[in-house]
Each structure stands twice: as C-alpha cells, then as structure tokens.
Amino acid sequence: MMKPQEHWHLMRTLASSVESGPFNLKEIGDNFNVDIEKPLKPVMDQWIKAGLLEKTGDVYSPTVAGQFWYVTMLSSQLKP
C-alpha cells in the first residue's frame, strides 16, 4: 500500500464538489486552511471562458457541458 499524498482529502473534496454541483473555492479552502482560490483562478477562468462553469459571487456552477466534461476537466487539471 502507498501512503496518500499530502492534500489527498482536499483534492477529493474539490473533485466531488465539482461533480456534485455548485461549489465555493473560498469555503473549501477555508475548511482545509489552504488558499486554493488564487492558484486555481486561471483554471476556473479558462473553464468559464470555455462555457464549462458559471460564477455568481463566490459560487461556481457547472453548466450542462461542464457536467458532461467534469471527469476530463478534473483529470487534466487537478493533479498533485
């Protein structure tokens, strides 16, 4: 067996949040005492521009296309 990577729980929480619907990066980061908004901003902006996410306030919501492509989105961007 292998030891889990340092932020595996954060990454799993983030992935499941994207999968399940609207998510708030600030809230997720605060729960783990990690700033994830700043490093993920370029990716989130790219996904918004591509029509995969919408943002209202601090909440990101997957579009219909984002719901379809979330597995590919996460596997290509959220690697430790």
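Modeller: Asn 33 lies in the loop between H2 and helix H3 (37–49). Helices (H or I, at least four residues) and strands (E, at least two) are DSSP runs, numbered from the N terminus. This is a predicted model, in which local features need pLDDT of at least 70 and side-chain atom pairs count only at pLDDT 80 or more, while totals for chains, interfaces and linings use all residues. Residues are numbered from 1 along each chain as its sequence is written, and side-chain values use heavy atoms, with hydrogens and water left out.

Colleague: Why does Asn 33 count as exposed?

Modeller: Buried means under 20% relative accessible area, exposed over 50%, and partly exposed in between (1.4 Å probe, protein chains only). Asn 33 has 73% relative accessibility and therefore counts as exposed. Asn 33 also has a positive phi of about 55°, although it is not a glycine.

Colleague: What makes H1 and H2 roughly antiparallel to each other?

Modeller: The axes of helix H1 (residues 8–20) and helix H2 (residues 25–32) cross at roughly 155° and come within 11 Å. Axes are lines fitted to C-alpha atoms, for helices over the stretch in contact, with angles from 0 to 180 degrees between N-to-C directions. Angles under 35 degrees count as roughly parallel, over 145 as roughly antiparallel, 65 to 115 as roughly perpendicular and the rest as oblique. H1 and H2 are therefore roughly antiparallel.

Colleague: Which residues of H1 and H2 meet?

Modeller: With contact meaning heavy atoms within 4.5 Å, His 9, Leu 10, Thr 13, Leu 14 and Ser 17 in H1 meet Leu 25, Ile 28 and Phe 32 in H2. These residues divide into five nonpolar, three polar and no charged (Ala, Val, Leu, Ile, Met, Phe, Trp, Tyr, Cys and Pro count as nonpolar, Asp, Glu, Lys and Arg as charged, and the others, Gly among them, as polar).

Colleague: The structure holds one aromatic pair. Why is the pair of Phe 23 and Tyr 60 called stacked?

Modeller: Rings of Phe, Tyr and Trp (its six-membered ring) pair if their centres lie within 6.5 Å; planes under 30 degrees apart count as stacked, over 60 as edge-to-face and the rest as tilted. The ring centres of Phe 23 and Tyr 60 are 5.5 Å apart and the planes are at 20°, so the pair is stacked. Because Phe 23 lies in strand E1 (residues 23–24) and Tyr 60 in strand E3 (residues 59–62), the pair ties together parts that are 37 residues apart in sequence.

Colleague: How do you know whether Phe 23 is buried or exposed?

Modeller: At 3% relative accessibility, Phe 23 counts as buried. Tyr 60 is buried, with a relative accessible area of 6%.
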